Amino acid sequence: MKFELRPPRKQSSDSELLDDMKRVASLLRKSTLDQKEYQRHGNYAPGTLTDRFGDWLGALSEAGLGSARPLPATEDELITDLRRVSLELAKPSITMKEYERLGNYSKAPFARVFGTWPGALEKAGLSPSDNFHPRVSDEKLFRNLERVWIALGRQPAYLDMERPLSDHSVTTYERRFGSWRATLESFIAYVDAPVTESPEDAAVTPNIKVPRTSKPRKAERRTPRAPNDRLRFVVMRRDNFSCRSCGRSPAIEPGVVLHVDHVVPWADGGETTLQNLQTLCERCNLGKGTLGNEV
């Protein structure tokens, strides 16, 4: 036997594609075709036709196998066809690739009607695809990286981003930001974004204790009790991820838990600002005897 490569096929013209559709319709003695029928008897892939003519219905119309291009598919029509393909494959869920092979519509009407492929599956009463994972927000990825950084007491290395320390792999970060270095740069830009403080907040002096009798009225409170994630990280980074009371740090003593605490207690009128926050380990913070200051 002689093994030879056939010469590469030149790109077929529109007329060649349409003539082949007509040939298959004539062979099956039908006035129209679905993609599965054409796939069995045609000389081209159904995807070639949908790419050339927009979608399968457009190809049928151009081949004269439909009197005119139909109106846009309705939600019910799309759901019915999704369920048909699901039954044909005997699967409770189907991927977009599987539907493109056997369905009668392109991706476009599903995006127009349902927004996303998982949304279309849900409307049809089908299960999400096994390979579908909801996109994690940048902020959630940054919060995870912040937690790892604080736990280590230092900048995380590439190999640190594994369970149980990290909820997301380093590959997730590389896909989102391009590289591990770009991830760290994006994270620092996020953390270093200005923390909103009023001029009055910036003037808070940590060393001055506010008497309990001078507690401001509730209406005068300018900041919430709990610092946001970015402010917590900025405070800990300023304090070198170490307790300002005893010096303990997760980087030296694994398992040390760090808190961000108000210098002037929030209950006594202290504000939640960079100047009025400090890093304490859990032991020192709880040992103060003012549990209400833990944040």
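**Loops, strands, charges and a pocket in a predicted model**

Arg 29 sits in the loop that runs between α1 and α2. This is a predicted model, and in it the phi of Arg 29 comes out near 55°, a positive value for a residue that isn't glycine. That is worth a second look because most residues other than glycine have a negative phi, and most peptide bonds are trans. Arg 29 counts as exposed, at 78% relative accessibility. Phe 241 also has a positive phi, about 50°, and is not a glycine either. Its place is the loop between α13 and β1. Is Phe 241 buried or exposed? With a relative accessibility of 5%, Phe 241 counts as buried. Pro 164 belongs to the loop between α9 and α10, the latter covering 170-177.

Next come the strands. Strand β1 (residues 258-262) and β2 run antiparallel and are joined by 5 bridges. Within this pairing, Val 260 stands opposite Thr 279 of β2, and His 259 has Leu 280 of β2 as its bridge partner. In a regular strand the side chains alternate between the two faces of the sheet. In β1, Leu 258, Val 260 and His 262 lie on one side, His 259 and Asp 261 on the other, and all of them are buried, so both faces are covered. With 5 of its 5 residues buried, β1 is largely enclosed by the rest of the structure. The picture for β2 (residues 277-281) reads much like this: 5 of the 5 residues are buried, so the rest of the structure largely encloses this strand too. Leu 277, Thr 279 and Cys 281 point one way from β2, while Gln 278 and Leu 280 point the other way.

Cys 281 leads on to the cysteines. How many disulfides does the structure hold? The count is 0. Cys 246 is partly exposed, with a relative accessible area of 36%. Cys 281 is in no disulfide either, its nearest cysteine sulfur being that of Cys 284 at 3.5 Å. Cys 281 is buried, with a relative accessible area of 0%.

Charged pairs are next, and the count of salt bridges comes to 18. One of them links the side chains of Arg 23 and Asp 20, with N to O at 2.9 Å. These two residues are 3 apart in helix α1 (residues 14-28), so about one helical turn separates them. Arg 23 is partly exposed at 35% relative accessibility, whereas Asp 20 is buried, with a relative accessible area of 5%. Glu 98 and Lys 91 form another salt bridge, their closest N and O atoms being 2.6 Å apart. Here Glu 98 counts as buried at 17%, and Lys 91 as partly exposed at 32%. The side chains of Glu 146 and Arg 232 also meet in a salt bridge, at 3.2 Å from N to O. Glu 146 lies in helix α9 (residues 138-152) and Arg 232 in helix α13 (residues 229-238), so this pair ties together parts that are 86 residues apart in sequence. Glu 146 and Arg 232 are both buried.

The largest pocket holds about 270 Å³ of space. Its lining is made up of 13 residues, and the closest to the pocket centre are Gln 35, Gly 47, Thr 50, Asp 51 and Glu 100. Which helix gives the most to this lining? That is α3, with 4 residues. At least two lining residues each come from α2 (35-41), α3 (46-53) and α6 (96-102). Sorted by class, the lining has 6 polar, 5 charged and 2 nonpolar residues.

How values were computed: Residues numbered from 1 in each chain as written. Predicted model: local features only at pLDDT ≥ 70, side-chain atom pairs only at ≥ 80, totals over all residues. Heavy atoms only, no water. 1 Å grid on protein atoms, 1.4 Å probe; cavity = no way out; pocket = protein on both sides within 12 Å on 5 of 7 lines; lining within 4 Å. Points joined across faces, edges and corners; volume = space filled by probe spheres on them. Nonpolar A, V, L, I, M, F, W, Y, C, P; charged D, E, K, R; others polar. Buried < 20%, exposed > 50% of the residue type's maximum accessible area, 1.4 Å probe, protein only. Pairing = 2+ DSSP bridges. Salt bridge = Lys/Arg side-chain N within 4 Å of Asp/Glu carboxyl O. Disulfide = S-S within 2.5 Å.
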